[in-house]
Amino acid sequence: MEKRIQLPLTEEVAKSLRAGDSVLLTGTIYTSRDAGHKRMCETLARGEELPFDPKDATIYYVGPTPAKPGQVIGSAGPTTSGRMDAYAPTMMSVGARGMIGKGARLPEVVEAMKKYSGVYFGAIGGAGALLAKCIKKCELIAYEDLGAEALRELYVEDMPLVVIIDSEGRNLYEDGKAAYLSRKK
Amino acid sequence: MREIQAQQITDVVEKLCIEANQFLPKDVQGAIRRCRECEDWDIAKGVLDQIITNFEIAEDEQVPICQDTGMACVFLEIGQDVHIVGGDLREAVDEGVRRGYDKGYLRKSVVKDPVRRGNTGDNTPAMLYTEIVPGEKIKVTVGPKGFGSENMSAIRMFKPSAGIQGIKDFILETVETAGPNPCPPMVVGVGIGGTFDKCALLAKKALMRSTDIRNPDPYYAELEAEMLEKINSLGIGPQGFGGKTTALALNIETLPTHIAGMPCAININCHVTRHQTEVI
């Protein structure tokens with residue numbers, strides 16, 4: 001059974017989620033990949049403000065294709081999250097709580113998630129055409145020169161996600177595989 | 001001697017870039033559907049259903065299956081009796097990529113320098129491979145390659161004493177290490193033999209082969225089947241959430257090699273294993 005979640009992602013909601021939960025996410029999220037994260041962390045290092053309010057924010061690791069005429073956004077599936085591992089703890093330290101991507105995370109990221117009550121959601125990698133259907137609004141808010149990697153504000157409705165790592169460090173990539181293998185015995 | 005205009009090559013490359021990104025090859029679609037039927041783990045069934053819906057939407061609405069529309073790998077098999085006229089071949093191919101990625105609303109994912117970065121803005125240059133073959137035709141294959149899976153690929157120069165067991169262990173180790181990152185269910189391309197560079201190319205070419213076609217050598221056809229089964233016993237499952245379907249296919253290509261070596265390259269592709277071919 002899917003859990004419906006309304007953003008922003010408060011600490012209370014974050015702590016209620018468990019690795020393996022299927023969720024439908026509704027609300028405002030922000031897109032960023034490596035180049036955008038690098039800039040945001042440099043901005044923070046200079047003591048300046050981010051282009052959006054990071055408190056309880058959720059960041060989607062995505063670089064969409066260009067929208068065809070009439071489309072809100074082009075295909076928009078997740079990119080490999082590990083490339084953002086160098087920046088994710090810094091983002092969480094200023095309040096960002098949710099991350100949407102695919103693939104494994106480093107132990108440092110999981111530690112930061114436990115410290116700041118972060119949640120790592122997985123979207124289906126390679127399902128860019130399907131995921132674009134949940135994106136109802138898309139507005140470019142910064143770093144336009146980065147093209148597909150520019151920072152965008154999205155409004156999503158019932159975005160289908162799975163909790164991969166929860167705020168207590170449980171990990172679906174480890175537990176799901178173990179559960180499947182033990183079931184077979 | 002047959003003359004072929006460079007412009008014709010541009011037109012075909014443009015068309016194939018767009019088609020490859022919108023239409024998942026029927027063999028890959030079939031493999032995904034068969035795996036869905038055989039899957040015995042609930043979360044995995046759900047993931048495969050979404051993957052199927054996704055490629056159906058892409059085909060119906062003519063939009064990219066995945067937002068990583070890849071680096072354009074272009075393979076040209078050029079008949080030795082062909083004379084290309086009216087332009088430079090490399091430029092003709094790049095112009096096809098440029099137009100295809102623009103007109104097809106595809107993402108431009110190429111940087112002009114590997115260290116200093118900077119997007120080229122038009123997805124060029126293509127990764128171009130040419131081969132001279134008998135005849136007076138040009139066979140053009142475009143395989144857009146995403147990098148979530150490319151990054152999980154590996155090559156190793158084995159001593160011959162490592163034998164077949166060394167290769168089997170390397171395949172499983174590479175897939176296990178890749179885990180959820182390359183968007184499983186994956187297609188695994190394996191190159192064995194040749195030199196360091198040729199071996200990597202064999203692995204890439206293995207990904208351009210239909211998932212329905214086995215290696216013509218029964219020894220390697222059996223190895224393909226055995227390793228696919230072993231990979232699908234790892235439990236990684238679709239997206240790495242656990243399950244049976246970790247790989248859709250494993251294709252092996254081989255070449256003779258040196259008495260002192262046994263190179264093995266593994267090129268991993270995601271469930272969006274794309275390629276389209278046309279003959280001019």
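Q: What makes Val23(A) and Leu161(A) count as neighbours of Phe121(A) in this predicted model?
A: Contact requires C-beta atoms within 7 Å. Phe121(A) touches Val23(A), Gly98(A), Met99(A), Ile100(A), Leu161(A), Val162(A), Val163(A) and Ile164(A). Residues up to four places away in sequence are left out of that list.

Q: What makes the set that includes Ile59(A) and Phe121(A) a nonpolar core?
A: Such a core joins buried residues of nonpolar kinds, Val, Ile and Phe among them, through C-beta atoms within 7 Å. The largest set of this kind has 100 residues. Those with the most contacts inside it are Ile59(A), Phe121(A), Ile164(A), Val188(B) and Val190(B). Strand β7 of chain A, residues 151–165, gives the most, with nine residues. A second, separate core of 26 residues includes Phe75(B), Tyr105(B), Val110(B) and Ile138(B).

Q: Why are the buried residues of α4(A) said to lie on the same side?
A: The buried residues in this helix, residues 107–116, are Val109(A), Val110(A) and Met113(A). They cover an arc of only 100° around the axis, so they sit on the same side of α4(A). Their cover includes α3, β5 and β7 of chain A.

Q: How many residues does each chain give to the contact?
A: Chain A gives 35 residues and chain B gives 36. On the side of chain A, α6(A) has the largest share, seven residues.

Key: Residues numbered from 1 in each chain as written. Chains lettered and ligands numbered in written order. Predicted model: local features only at pLDDT ≥ 70, side-chain atom pairs only at ≥ 80, totals over all residues. Buried ≥ 20, exposed ≤ 12 C-beta atoms within 10 Å, placed from the backbone. Helix = DSSP H or I, 4+ residues; strand = E, 2+ residues; numbered from the N terminus. Contact = placed C-beta atoms within 7 Å. Arc of directions from axis to C-beta.
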